[in-house]
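Me: I would like to learn how to read a structural model feature by feature. Could we begin with the general idea each time and then turn to the case at hand?

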Amino acid sequence: MGRPQQPPVGLAVSRVARTLNRAFEDALAAAGGSQSVWLVLLQLKVNPGATQRDLAEALELREATMTHHLSGMERDGLLTRRRDPANRRVHQIELTEEGERAFHRLRVAATEFDERLRAGIPPERLAELGDTLAMLVANVQHAASH
């Protein structure tokens, strides 16, 4: 007798990812932000001298998409962009005071969300989940390279 019918693993992971993504967006929205704003702010804190291209690469976005995000964040007063005097094609990006405040607000929301996600799950189960997800990615990448 075979094992009980289970949905395909990829479908299950995709559904979970969508659910978690929506919940994370809601948590960040309640703190006055979004996932894209949070990721840009976080990247600017980790890499203060980042250029627009650096940010696009780090967040795996096209530069046009990055430009769109940065324009909105600049309009909202979260950051400033100015051309590098040494290379006019490069934008230097800096957080404003409002950007710093938004970073701290969204960091609290992201941390609380992560704690909520982990609630009641033993660390060894989370480690095993991380290993399993890495194996799924490796299986797909391995298959794609053949």
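This is a predicted model: local features need pLDDT of at least 70, side-chain atom pairs count only at pLDDT 80 or more; totals for chains, interfaces and linings use all residues.

Me: What share of the 146 residues in the protein is buried?

Reply: Buried residues make up 25% of the 146 residues. As for the surface, with areas from the Shrake-Rupley method and a 1.4 Å probe, where for residues only the protein chains shown count as cover, the protein exposes about 10,400 Å², and carbon and sulfur atoms supply 55% of that area.

Me: How many helices and strands does the protein have, and in what order do the elements run?

Reply: Helices (H or I, at least four residues) and strands (E, at least two) are DSSP runs numbered from the N terminus. The protein has six helices and two strands, and from the N terminus on the elements run α-α-α-α-β-β-α-α. The radius of gyration is 19 Å, well over the 15 Å that the globule rule gives for 146 residues, so the protein is more spread out than a compact globule; this radius is taken over C-alpha atoms, and the rule is 2.2 Å times the number of residues to the power 0.38. Along its principal axes the C-alpha trace spans about 70 × 40 × 25 Å.

Me: Which elements do the buried residues of α2 pack against?

Reply: Contact means heavy atoms within 4.5 Å. The buried residues of α2 are Q35, V37, W38, V40, L41, Q43 and L44, and they pack against α1 (9-30), α3 (52-58), α4 (63-75), β1 (79-84), β2 (87-95) and α5 (97-118). In the protein, residues 24 or more positions apart account for 44% of the contacts with a separation of 6 or more.

Me: Is L78 buried or exposed, and which residues does L78 touch?

Reply: L78 lies in the loop between α4 and β1 and is buried, with a relative accessible area of 9%. Not counting residues up to four places away in sequence, L78 touches V37, M73, E94, L95, T96, E98, G99 and A102.

Me: How should I read L126, and where is L126 found?

Reply: L126 is found in helix α6 (residues 123-144) and, at 23% relative accessibility, counts as partly exposed. Leaving aside neighbours within four places in sequence, L126 is in contact with R118 and I121. L126 and E74 are 52 residues apart in sequence and 37 Å apart in space, C-alpha to C-alpha.

Me: What is the phi of E60?

Reply: Most residues other than glycine have a negative phi. E60 has a positive phi of about 55 degrees although E60 is not a glycine. E60 lies in the loop between α3 and α4 and, at 74% relative accessibility, counts as exposed.

Definitions and conventions. Residues are numbered from 1 along each chain as its sequence is written. Side-chain values use heavy atoms; hydrogens and water are left out. Buried means under 20% relative accessible area, exposed over 50%, partly exposed in between (1.4 Å probe, protein chains only).
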